[in-house]
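My notebook is open and I'm new to this one. I'll jot down what I look up as I go.

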Amino acid sequence: MMLPRHVQMVGNFLERIVGVPAARLSGVNTHIYVLYSTDSSRNELPGKLNKSERKPLVTSFNELKRQARLKKKERQKVDEIILEPPENGLLVKQLVPIAHRVYTARSELLSTVSTLVKYIAIYTCSVCREVHVGHPPHKIRTCDVRGSLSSKEHTWVKGGIEHVLPLVESFHLYDRIGRAVSHNEMLEVDRIPAIVELCVQAGFDIPEYLTRRRAFPVYCVAGRIIDFEKRFPKEDSIGKDIAECGFWYKKKRLQEVTNSSELHSDDIQAIAVRGMKAWEKMCTGASKLMEKYAVQTCGYCPEVQVGPKGHRVRNCQAYKHQMRDGQHAWQEATINDLVPPVYVYHIRDLKHGEPLVNELKRYYGMLPAVVELFAQVGAPVAKSYASKMREDVAVPELSEEKWVV
């Protein structure tokens, strides 16, 4: 009489350790055992920071202090400090083709997304700006900001490409190792997409946005940059091909050129596959460029500046900006700062046609909005997103949810 009880106890113990169902060990007949466990949580998703929290540092604070002490000692010595590209103003030749591929991938990505948003509905909450891809929008009550409903339900409105691929801009620098943009120059210097500015600084030439290409490197003596090359070489025709109406016209023209390259094809799935490849190429190439070409971001707001140092424009309105006189708290940026992924809930069964419910929200996976857009059309999703999609967790019915441990 005691043997079945011991078998059941051993089964429960093994179920906790290795996840083996106790019913299989105790001899109970079962038809289909579905795993509803939520242990595989979305650990890779970046958590939302509070307004008073700073973005995590790429390099530890102790390492930054150690590097600062070494630079201070080097400045005290009246010796030449050998600089490598791109710190000496020259291009990294191996990264020039990558800059061209990143720019091409970005153009193709915008073309494919602008085509697919005509077939897949994009929704955004007018209160908290959450995004949902697909119809109908979900009913998960996560709208918890000032002005939201007491039920925390979202107020959905139609969205567009700017909600799937948010635009992050940066000041365009004619000389990337020159002085930083001052506050008085904020309306005189062009602002272009940050990833485009990264491609320009890495070797991609755009006639409308001139940049200085040095033939001779700069030198660093006692911490000071010495440039023996003329400030404005004769081969640089300053003011040529620049419209008198300023950078607002150039920004509009850049969008028109991008939108004019839309794909005209009936095979929507093939367009999604090409868009997914372009997304991966752009992110992978931009990460390689950022290993050599520095990108700065504010620790409290989404501001980004491509270059070895941040600008001096006092337009930060984040936590304790009064203590900084409106200046940004610059730190090393990551690829998520340059190309911010907007995470949305992943829809597994598109044929089901019912919205995601709030009671089962812990079983749903998430994907970047642009990846979810391509996945709903039929493009295969890379294995790197497997943990975010949570395909290993079965979504129970509402009547079964109360029995899930």
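This is a predicted model: local features need pLDDT of at least 70, side-chain atom pairs count only at pLDDT 80 or more; totals for chains, interfaces and linings use all residues.

Leaving aside its neighbours within four places in sequence, which residues is L109 in contact with? I find L165, G275, A278, W279, M282, V370 and F374, where contact means heavy atoms within 4.5 Å.

Residues are numbered from 1 along each chain as its sequence is written, and side-chain values use heavy atoms, with hydrogens and water left out.

**Cores.** I looked up nonpolar cores next (sets of buried Ala, Val, Leu, Ile, Met, Phe, Trp, Tyr and Cys residues joined through side-chain atoms within 4.5 Å). Buried is under 20% relative accessible area, with a 1.4 Å probe and protein chains only. The largest core has 58 residues, and L109, L198, W279, M282, L338, V370 and F374 touch the most other members. Elements giving it two or more residues include helix 4 (96-116), helix 8 (268-290) and helix 10 (369-377); helices (H or I, at least four residues) and strands (E, at least two) are DSSP runs numbered from the N terminus. Helix 8 gives the largest share, 11 residues. Another core of 10 residues lies apart from it, with I347, Y363, M366 and V393 among them.

**Strand 9.** Is strand 9 (residues 295-298) covered on one face or both? Both: V295 and T297 are buried on one side, Q296 and C298 on the other. I see it run antiparallel to strand 10, joined by 3 bridges; strands pair if DSSP finds at least two bridges between them. T297 stands opposite V304 in strand 10, and the two strands form a hairpin with 5 residues between them. Strand 9 also pairs with strand 11 (residues 330-332), antiparallel over 3 bridges, and there C298 stands opposite W330.

**Cavities.** I count 2 cavities of 30 Å³ or more. A cavity is a set of points on a 1 Å grid over the protein atoms alone where a 1.4 Å probe fits but cannot get out, and lining residues have an atom within 4 Å of a point. Of its 13 lining residues, G89, R176, Q201, R212 and R213 lie nearest the centre.

Technical notes
On a 1 Å grid over the protein atoms alone, a cavity is a set of points where a 1.4 Å probe fits but cannot get out, and a pocket is an open set with protein on both sides within 12 Å along at least five of seven lines; lining residues have an atom within 4 Å of a point. Grid points are joined across faces, edges and corners, and a volume is the space filled by probe spheres set on the points. Buried means under 20% relative accessible area, exposed over 50%, partly exposed in between (1.4 Å probe, protein chains only).
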